[in-house]
Amino acid sequence: MSGGEVAGILVAVFWAILVSFLALVLVRLAQTLKATTKMVAEVSEQAVPLLADASATVRSAHTQLARVDAIAADVQEVTANASALSTTVSSAFGGPLVKVAAFGYGVRRAIGKKGEPEPERTVLLGRTLPGARRGGRRNRRSKD
């Protein structure tokens with residue numbers, strides 16, 4: 001055998017090993033692509049019902065939010081009505097009740113002072129100053 005023939009055999013063996021290696025890589029790549037395709041199909045099968053459920057949940061939440069918005073508007077209206085009613089009642093009954101309470105207080109004081117002597121008054125430079133108070137608030141309250 002000559003050197004050229006040996007070189008040709010070596011090149012042929014090298015090419016055979018290279019083609020075998022590339023064929024093995026292509027077979028592995030094909031298996032990987034098949035597994036990936038199968039996994040994507042499974043994920044798609046599971047994702048579609050999940051997306052449908054999520055869409056139904058979002059629709060339900062939207063409906064509930066619309067109901068809550070209506071309830072909040074009603075509560076706001078009731079609050080405004082209660083405030084207006086409170087203002088009306090306060091203005092209608094507040095003034096007369098204060099006057100009745102003041103009248104009652106004045107009557108009680110007048111009845112309570114009926115038997116007491118007139119307090120001493122001190123005159124300074126043309127002004128009349130009331131005398132010292134006898135007793136504190138507790139004594140006055142006990143008379144009422």
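Tutor: A helix here is a DSSP run of H or I with at least four residues, and helices are numbered from the N terminus. By that definition, helix 1 covers residues 3-113, and Val13 lies in it. The model is predicted, and its mean confidence in helix 1 is 91, the highest in the protein.

The setting comes next. The protein has two helices and two strands, and their order from the N terminus is α-β-β-α. Of its 144 residues, 0% are buried. The accessible surface amounts to about 13000 Å², and carbon and sulfur atoms account for 67% of that.

Now the stretch at residues 6-29. An unreviewed UniProt entry assigns the feature "transmembrane region" to these residues. In the model, residues 6-29 are 100% helix and 0% strand, with 34 Å between the end C-alpha atoms.

A nonpolar surface patch is formed by Met1, Val6, Ile9, Leu10, Val13 and Ile17, which together have about 620 Å² of accessible area. Patch members need over 30% relative accessible area. Val13 has 43%, so this residue counts as partly exposed.

There is also a ring contact to describe. A pair of aromatic rings is described by the distance of the centres and the angle of the planes. The count of such pairs comes to one: Phe14 and Trp15, with 6.2 Å from centre to centre and 70 degrees between the planes, an edge-to-face arrangement.

Finally, confidence. The mean pLDDT of the protein is 84, and 78% of the residues reach 70 or more. Confidence is lowest in helix 2, residues 137-143, where the mean is 50. Where pLDDT is low, the predicted coordinates should not be read in detail.

Conventions. Residues are numbered from 1 along each chain as its sequence is written. This is a predicted model: local features need pLDDT of at least 70, side-chain atom pairs count only at pLDDT 80 or more; totals for chains, interfaces and linings use all residues. Side-chain values use heavy atoms; hydrogens and water are left out. Buried means under 20% relative accessible area, exposed over 50%, partly exposed in between (1.4 Å probe, protein chains only). Accessible areas come from the Shrake-Rupley method with a 1.4 Å probe; for residues, only the protein chains shown count as cover. UniProt positions are given in the numbering used here, feature names are shortened, and annotations may be inferred rather than shown by experiment. Patches are made of residues with over 30% relative accessible area and no salt bridge: like charges are joined within 9 Å, nonpolar side chains (Val, Leu, Ile, Met, Phe, Trp, Tyr) within 5 Å. A salt bridge is a side-chain nitrogen of Lys or Arg within 4 Å of a carboxyl oxygen of Asp or Glu. Rings of Phe, Tyr and Trp (its six-membered ring) pair if their centres lie within 6.5 Å; planes under 30 degrees apart count as stacked, over 60 as edge-to-face and the rest as tilted. pLDDT is the predictor's confidence in each residue, from 0 to 100.
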